[in-house]
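Dear colleague,

Here is the structure I said I would pass on. My notes on helix packing, one hairpin and the confidence scores follow below.

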Amino acid sequence: MNNTESLEKSLERILREGESSLRESIYSKSLYAYDGAFPRYINQSKKVLVIGREAYGDYSYYRQNNLDEQCVSINDCHLAEYNNNRLFIGGREASFTENCLTSRSVKYHARIIALAYAIITGDWSISAKEIKNIANSIGRPEGISFAYANFSKLLNTTDVFSISESENANRIRFWAVLDNNLHILQREIELLDPDVIITQAFIEMCGKINYNCFNNLGKTDRSNLDKRGRNAIKTMYYPAIEYTLFLSSGKTVPILDVPHFSGIQSQAAWKNLWSSLKRYFECMT
């Protein structure tokens, strides 16, 4: 068994624990999301992990229509979609175009791919029209790879995607309680051993539900002010807020908590975040 296969098997064992506990809960009928890394993740010069809240949208559609498949991974689904430039948003087919970084339907995926590519390669000049080719090469010898994980493994098949909505907040809080005993995400991170973690208003969300999912990995230090003081932050990296995560191995990993990619509506706001992240990583090299 090679290193990639070993990683996949270890991740699957952890995720199965979460699903077993889910089956004994009030969400026993809910679909469960497996996640992890795309092929060749461990071969990257920088291992990038993107953390979301819970699976929603195209993956929900896929799982509802493939109920007989066991342990299908959210990343297996996305890899097939990325490589074939065919995404399914609410059952409707979409694709990457020259407007994909601002398109309502695919911008979440396009922005993740663009950012992972820039961090790994150091090329921040990427344009929207290049996303299709990069997506096509993910997981292949000539392409990039990264890891994607969700905090909540509950598959969101509702029409609610905002944490401010009560149903989704309840789902997130439920998983926080369950994960407090299992530490699924924490153990995933230890196995994936990333060099960089990107979260999208995730640490802010954990504060709202009074839960720190990183407690059992070690201390998480905030290097600048919290959200209440964001308007007064005068760092060159705004609106990215940097944390430092201490893994049990002794490795320190930067976590950049940024606005949620789906919530950044304007071209100007996206360019502002992009330039902030570019400055941050240029200073790190």
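Helix H4 (residues 107-121) and helix H9 (residues 267-284) cross at roughly 20°, and their axes come within 11 Å. Angles under 35 degrees count as roughly parallel, so H4 and H9 are roughly parallel to each other. The crossing of H4 past H9 is right-handed. On the H4 side the contact is made by Arg111, Ala114, Leu115, Ala118 and Ile119, which meet Trp270, Trp274, Leu277 and Phe281 in H9. By class, the residues of this contact between H4 and H9 are 8 nonpolar, no polar and 1 charged.

This is a predicted model, so please read the contacts with the confidence values further down in mind.

The other helix pair is H1 (residues 3-22) with H7 (residues 184-192), packed at an angle of about 175° with axes 10 Å apart. The cut-off for roughly antiparallel is over 145 degrees, and H1 and H7 are therefore roughly antiparallel to each other. From H1, the residues involved are Leu7, Ser10, Leu11, Ile14, Leu15, Glu17 and Gly18; from H7, they are Ile184, Arg187, Glu188, Leu191 and Leu192. The contact of H1 with H7 divides into 7 nonpolar, 2 polar and 3 charged residues.

Next, the hairpin. Strand E8 (residues 241-246) pairs with strand E9 (residues 252-258) in the antiparallel sense, over 6 bridges. Phe246 stands opposite Thr252 in E9. There are 5 residues between the strands of this E8 and E9 hairpin, and Gly250 takes a positive phi near 100°.

Finally, confidence. The average pLDDT of the protein chain is 83, and 81% of the residues score at least 70. Where in the chain is confidence lowest, and where is it highest? The lowest mean, 52, belongs to strand E7 (residues 220-222), while helix H5 (residues 131-137) has the highest, at 97. Residues 223-234 have a pLDDT below 50, and this stretch has 13 contacts in the model beyond near neighbours in sequence.

Regards

Conventions:
Residues are numbered from 1 along each chain as its sequence is written. This is a predicted model: local features need pLDDT of at least 70, side-chain atom pairs count only at pLDDT 80 or more; totals for chains, interfaces and linings use all residues. Side-chain values use heavy atoms; hydrogens and water are left out. Axes are lines fitted to C-alpha atoms, for helices over the stretch in contact, and angles run from 0 to 180 degrees between N-to-C directions. Helices (H or I, at least four residues) and strands (E, at least two) are DSSP runs, numbered from the N terminus. Angles under 35 degrees count as roughly parallel, over 145 as roughly antiparallel, 65 to 115 as roughly perpendicular and the rest as oblique. Contact means heavy atoms within 4.5 Å. Ala, Val, Leu, Ile, Met, Phe, Trp, Tyr, Cys and Pro count as nonpolar, Asp, Glu, Lys and Arg as charged, and the others, Gly among them, as polar. A crossing is left-handed if the near helix is turned anticlockwise from the far one by less than a right angle, and right-handed if clockwise. Two strands pair if DSSP finds at least two bridges between them. pLDDT is the predictor's confidence in each residue, from 0 to 100.
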